[in-house]
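Here are my notes on this one, in the order I'd look at things. Have the viewer open while you read.

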Amino acid sequence: ISAISPFLRAPFRPRHPQYLIFFVTDRCNANCSMCFNPPQDATRPQNELTLSEIEQISRSFTDLIQLTISGGEPFLRDDLAEIIRTFRRVSGARYITLPTNGFLTDRILSSLEKILRENPGAGLNFCLSIDGIGLDHDKIRGFKGGFESLLETYRGAKELKRSFSNLNIHTTTVLSAFNADFAEEVINYIDANMEVNVPEILLVRGSPRDPHALDVDLDIFDTLSRKVLSMSHRRASGLRLRLVNSLTSLMTDFLLKSERENRAYVPCLAGKKLVILRPDGRVDACEILDTLIPPDKRPPNLDNFSMGNIREGRYDLKAVLKSEKSRRVIDFIYRTRCHCTFECAIFASIIFNPIMYPRLMARFIRDHLFKNLN
């Protein structure tokens, strides 16, 4: 009951965000060609929110179900563990997702152990990015020796999992033009060599540094998604991971149908149940909306899709979401039936929309219960 009650209350609070993606830094020690963030010096913070500011912001969130800490490379922040502890203590964050390129092994494992030790009641998804094998991965990520460092980080996380049952190790592979020819080999490598709870494959999105990254056949993504979901079926243990597996399966179906037919398959709740917080305090409904809608296609009163800056709102998210600009952004998303390949937005639009629950349950029964009966 405790686990599902926030979902049951969600429809009665349609503009109460319970899914936060927080880009804690733009700094990164990699140089990925398919990344939609502009390159940043890894040694120089650029107007990042301080821990004191973040603590004030965390008071805006209650019943926070999902906290995703992103970047840049989030482990470049010295206070990463303190940021997570703050959201866990103040906002009640239940599930925490931490993506990383895995290159700073000692720093990552030290911080990860501290986070796990200080937040025993939170489910922590530790996501390692792997886009190639050996030199192919290093070339895509722009980091010499990156693949070996990634594997070393994985082995360290695997050891930590022996002591912390709330740790789930994931892998994330971004399908782009740079690895489309050998992405299946990457998936096979993960299947044969890595004990991960949830393998993921994401479709390159946004406005990447190299626009050629977007030249990917959707049929390839479809085939690889099915392969990865089959892996997840085999590896899923426990009700939660099995439910996540079916949720991913449904999300992927919506994503593919939406792209092929150029229409929305689920009403997008970005800006309502899901919000994006940037390192400088900017609040967005969606991390790629500005790249989806060119300036000549925007309404006259929307030169950009930022909902405001939480610093200007005195660190009160409610003040930002009640602004006229925020209202116009959310109205645009609703009125145009906005749709894209942003997986987190599709996830949120399913889990916080009761209309979707029968379809999710049907998928769960098909994927797990019916399969087990056979």
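1. Start with Asp284, which is buried at a relative accessible area of 2%. This is a predicted model, so read every value here as computed. Asp284 has a salt-bridge partner in Arg282, with the closest N and O atoms 2.9 Å apart. Arg282 itself counts as partly exposed, at 30% relative accessibility.

2. Next, take a look at Arg363 and Asp253. They form a salt bridge, and their closest N and O atoms sit 2.7 Å apart. Arg363 belongs to helix α14 (residues 357-373) and Asp253 to helix α9, so this pair ties together parts that are 110 residues apart in sequence. Arg363 is buried, with a relative accessible area of 12%, whereas Asp253 is partly exposed at 24%.

3. Asp331 and Arg335 make another salt bridge, at 3.4 Å from N to O. Both are in helix α12 (residues 324-335), and because they are four residues apart there, about one helical turn separates them. Asp331 is partly exposed, with a relative accessible area of 33%.

4. How many salt bridges turn up in the whole structure? The search finds 28. Some of them join up: Arg27, Glu48, Arg77 and Asp79 are linked in a network.

5. Now for the cavities. Searching the whole structure gives two of 30 Å³ or more.

6. Helix α9 provides the largest share, three residues. Four of the lining residues are nonpolar and three polar, with no charged ones.

7. Last, check helix α7 (residues 183-193). Which of its residues are buried? Ala183, Val186, Ile187 and Ile190 are. Looking down the axis of α7, these buried residues fall within an arc of 100 degrees, so they line one face of the helix. The elements covering them include β5 (167-175) and α8 (218-235).

Notes: Residues are numbered from 1 along each chain as its sequence is written. This is a predicted model: local features need pLDDT of at least 70, side-chain atom pairs count only at pLDDT 80 or more; totals for chains, interfaces and linings use all residues. Side-chain values use heavy atoms; hydrogens and water are left out. On a 1 Å grid over the protein atoms alone, a cavity is a set of points where a 1.4 Å probe fits but cannot get out, and a pocket is an open set with protein on both sides within 12 Å along at least five of seven lines; lining residues have an atom within 4 Å of a point. Grid points are joined across faces, edges and corners, and a volume is the space filled by probe spheres set on the points. Helices (H or I, at least four residues) and strands (E, at least two) are DSSP runs, numbered from the N terminus. Ala, Val, Leu, Ile, Met, Phe, Trp, Tyr, Cys and Pro count as nonpolar, Asp, Glu, Lys and Arg as charged, and the others, Gly among them, as polar. Buried means under 20% relative accessible area, exposed over 50%, partly exposed in between (1.4 Å probe, protein chains only). The arc is that of the directions from the helix axis to the C-beta atoms. Contact means heavy atoms within 4.5 Å. A salt bridge is a side-chain nitrogen of Lys or Arg within 4 Å of a carboxyl oxygen of Asp or Glu.
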